[in-house]
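I opened this model to look up a few local features. My notes follow, entry by entry.

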Amino acid sequence: MAEHDDDVRLSEVPTPTLRGGGVVVEVLAAHLPAYTKMVVKGNRGALPVPLILGPSCVGRVTDVAPDVFHVAPGDIVLDTALLDAGGDDQILVGWVGLGGPGGGSDRTDHMRTVWHDGVFAEQALCAKETMVKLPGAEHHPEPAHLAFLPWLCIAASGLHTAGPLAGRDVAVIGATGQLGGAAVLVALAEGAATVTAVGRNKAALDRLAELGPRVRTHQLTGDRATDAAGIGPVDVALDALGATPTADATMAAYDSLRRGGSLTLIGGVRQNLTIPYGDLMHRRLTVRGSWMSDNETVATVWNLVRSGLLDLSAVELLTVGLDDPAAALDLAERTTGLSFVALVP
């Protein structure tokens, strides 16, 4: 639980009480993002504290409200945490992040009051809109690995903005981070001809190269022209970078595109992009943003995993419990690329 003093501690709280529009789940595993400590310190936006943290989880449904029909007790579900009231009013329950321009409104404030707590707990009350059933997940050999599904879905949503990936050359900028690593896995699973993994961490790039012969790597140099040549030419570039001091790497990805190519932004770059009007027009390029995911993409990604086309064993799983929140946050902060921390209550 996060408190007003920006501390996280283990607390005994009442068992969630079912209410209209709600689903109670037994939390099986929840992804602890690498930047969770930054969230707690307030460096990623305001939290409606005090609250139980946690943006998403894989869980087993234990009870549903009378107006819930798409999931039932016993189902294994993914809680996406994304609650959409229409228009620009979207929130991530138990986390930072608002849809639209990101500034919030009276409506999102009310949403965060009604649906407040997250899923870093033994049991959680979730909004029915954030529940996606995972058929057959009860047979998965390592349920904790499924906690990586939200990252895969966010990456897939970004990639899908460019259309089908089969036979196309794809680049993932920031591939050495968890979201970028997820994007490499999705692109391979969906049949990309090549996937160029781009980042600064050579050890992480080398690990990505071991995924197979379709993976190329480029270690960023900081020089836009050099990096563009090393990345491309590609049909699709996905920017999954975190906060960066300049936009040079993102613009190198733009420069690497073939005619008719697409650049999609899903990361945390806080820089403005200077896009040359004439170049964008004459090369018929597309630049898009993509935030979070939708239920259809969750189903698509789950089917890739369920069928074996996307092998989660490629992702190193580190598990923690609820007993030592500070140690869990420290461990998560040290993980990157194809490694992640799952909280298993």
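**Entry 1: helix H3**

I started with helix H3, residues 149–160. It has 12 residues and reaches 16 Å from its first C-alpha to its last, close to the 16 Å expected at 1.5 Å a residue. The expected span is 1.5 Å times one less than the number of residues. Helices here are DSSP runs of H or I with at least four residues, strands are E runs of at least two, and both are numbered from the N terminus.

I noted the ground rules next. This is a predicted model, where local features need pLDDT of at least 70 and side-chain atom pairs count only at pLDDT 80 or more, while totals for chains, interfaces and linings use all residues. Residues are numbered from 1 along each chain as its sequence is written, and side-chain values use heavy atoms, with hydrogens and water left out.

Is H3 enclosed, or open? H3 is largely enclosed by the rest of the structure, because 11 of its 12 residues are buried. Buried means under 20% relative accessible area, exposed over 50%, partly exposed in between (1.4 Å probe, protein chains only). Among the buried ones I listed Leu149, Trp151, Leu152 and Ile154.

**Entry 2: nonpolar cores**

I then looked up the cores. A nonpolar core is a set of buried Ala, Val, Leu, Ile, Met, Phe, Trp, Tyr and Cys residues joined through side-chain atoms within 4.5 Å. The largest has 89 residues, and Val25, Leu149, Leu152 and Leu310 touch the most other members. Helix H4 (residues 178–189) gives the most to this core, with nine residues.

I followed up Leu152. Not counting residues up to four places away in sequence, Leu152 touches Ala182, Leu185, Val186, Val301, Leu310 and Leu312. Contact means heavy atoms within 4.5 Å.

I also found a second, separate core of 17 residues, including Val198, Ala228, Ala237 and Tyr254.

Most residues other than glycine have a negative phi, and most peptide bonds are trans. I looked for exceptions.

A cis peptide bond joins Gly232 and Pro233, with omega about 5 degrees. Pro233 is in the loop between helix H6 (224–231) and strand S11 (234–239).

Arg284 has a positive phi, near 55 degrees. I placed Arg284 in the loop between helix H8 (277–282) and strand S13 (286–289). Met292 also has a positive phi, near 60 degrees. Met292 is in the loop between S13 and helix H9 (295–307).

Which of the two is buried, and which exposed? Arg284 counts as exposed at 57% relative accessibility. Met292 counts as buried at 15%.
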